[in-house]
Amino acid sequence: MEDLVLQEYNKKGTILLAKAKTKFVCQNCGYVSPRYLGRCPNCGVWNQMVEEVDHPESAKAKATPSRRVSDLESKPVSIDNVSFEKEPRIKTDLSELNRVLGGGIVPGSLILIGGDPGIGKSTLLTQVSGQLANTGGKVLYVSGEESASQIKMRADRLDISGKNLYLYPQTDMSYIRQTINEMHPDYLIIDSVQTMDEPEITSAVGSISQIREVTAELMNIAKQDNITVFVVGHVTKGGAIAGPKILEHMVDTVLYFEGDTHHSYRILRSVKNRFGSTNEIGIFEMRTKGLVEVSNPSEIFLEERLADANGSAVVVSMEGTRPILVEIQSLITPTIFGNAKRTATGLDHNRVSVIMAVLEKRGNLMLQNQDAYLKSTGGVKLDEPAIDLALAMSIASSYKNMGIPGTDCFVGEVGLTGEIRRVNRIDQRVNEAEKLGFKRIFIPKNNMGDWSKDNKIQIVGVSTVTDAMNKIF
Ligand code: TYD
Ligand code: MG
């Protein structure tokens, strides 16, 4: 510290504090520069360099957490001699959450939950805490955003009570650490990491060094005391968790809670999981009494479908290990003025452009002077190649003004020469479509030989987009 705060006497003899040394840190990636830069040279983001006081001492302290964790096993061990214990899993009442976590909560893990404001992060964690507290765990719910009475109000609405659930409105990490040492909770909830304050760090609450330090401290708490920590993280406008990417690198599991606030459905998606597969999703519905799981999502996404409507095609898409059926809708109308418009909701814009170009060139549909509006229903984001065929057929159906039978569904990737390419997990997709009462499924011809089961559903192999259109329309 002394070297930072240089003391100087001016002529009158009063003490002047020289300006402390500062640095500029990119709030997006953590890049450090001695002077202000408009654009971060590391990640290319504009206007994210924030001035922070240079703190060499804390920089040293910063390097420790991962070291402390690995101290126990500091010698190399032959892989044959490593004793392997299957991590025990704690199951919550929400089986959708258990699945997203890879089968339940791993004790001592640090789980980060990100999502837009108002999406239901606090609701989810209040429900989970209430339930964990009732099954014997001691839960400490630290909130930096709401007072104890506000949390209590929410808990009342959710019918949650219990003497093992402790509410603690606090933002100072040193007090939180002290409380943990005194009460030894089994679970710690931090709502949210951006409001927590590590008093040793001089930079503002919510800045990158604060978030990094707080997360490192939480990681310590999780690993040393074997406490399971749930951390809420706010997301930026772009949809990433606010703060640097390193936040996601430090924690064990990252879940995103998404869905738009206009729909009551919420999707919990795993994007990183040290203890299970990613790309699992859990689907919930926000009701007046909190979040309720949805165990058969396909029925919901297809619920309001008009039978045989023009421009509607159903796809069997895989979300993690689970097939879900979603309707893709297109509206193709002649362009009145200027360039043709292309709008896609819940679908990748580039994918839509490619499919339209393929239909134009290989399927002889005149789409260049047509506006195209596409969406996937129910607010689901579809992003896998296997949705291509349904996308193409939905566009063709709207363009030709010819409906697709409501009992048909599609899977298949479309190549640039108009060929339909094989997709993975075809048997699961076919079975799910059959289970939901579909009569016909169109799949890539190359996938036809992949199973030998007798299915009630009629399976049609198609080789090109033209072939598919001929068979449907
Ligand atoms: P909240 O969990 O506070 O969101 P976050 O912590 O992600 O910011 O949830 C806020 C929304 O959820 C709020 O708009 C009201 C709604 N809600 C319900 O519809 N039912 C409920 O039982 C609760 C507790 C909240
Ligand atoms: Mg909240």
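How many residues surround ligand 1, and which are the closest? Ligand 1 is surrounded by 16 residues, a residue being near if one of its heavy atoms lies within 4 Å; the closest are G118, K121, S122, T123 and R287. This is a predicted model, in which local features need pLDDT of at least 70 and side-chain atom pairs count only at pLDDT 80 or more, while totals for chains, interfaces and linings use all residues. Residues are numbered from 1 along each chain as its sequence is written, chains are lettered from A and ligands numbered from 1 in the order in which they are written, and side-chain values use heavy atoms, with hydrogens and water left out.

Several polar contacts (pairs of N or O atoms within 3.5 Å) reach oxygen atoms of ligand 1. A polar side-chain atom of S122 lies 2.6 Å from one such oxygen atom, a polar backbone atom of K121 is 2.8 Å from an oxygen atom of the ligand, and a backbone N or O atom of T288 lies at 2.9 Å. The protein buries 73% of the 550 Å² that ligand 1 exposes when taken alone, areas being computed by the Shrake-Rupley method with a 1.4 Å probe.

Helices (H or I, at least four residues) and strands (E, at least two) are DSSP runs, numbered from the N terminus. The largest share of the shell around ligand 1, three residues, comes from α4.

Turning to the sheet, nine strands form an open, mixed arrangement in the order β8-β7-β9-β10-β6-β11-β12-β13-β14, where two strands pair if DSSP finds at least two bridges between them. The edge strands are β8 (165-169) and β14 (290-293). β13 and β14 run antiparallel and are joined by four bridges; E285 stands opposite V292 in β14.

Methods: A polar contact is a pair of N or O atoms within 3.5 Å; within protein, one must be able to donate a hydrogen and the other to accept it, and residues adjacent in sequence count only if both atoms are side-chain atoms.
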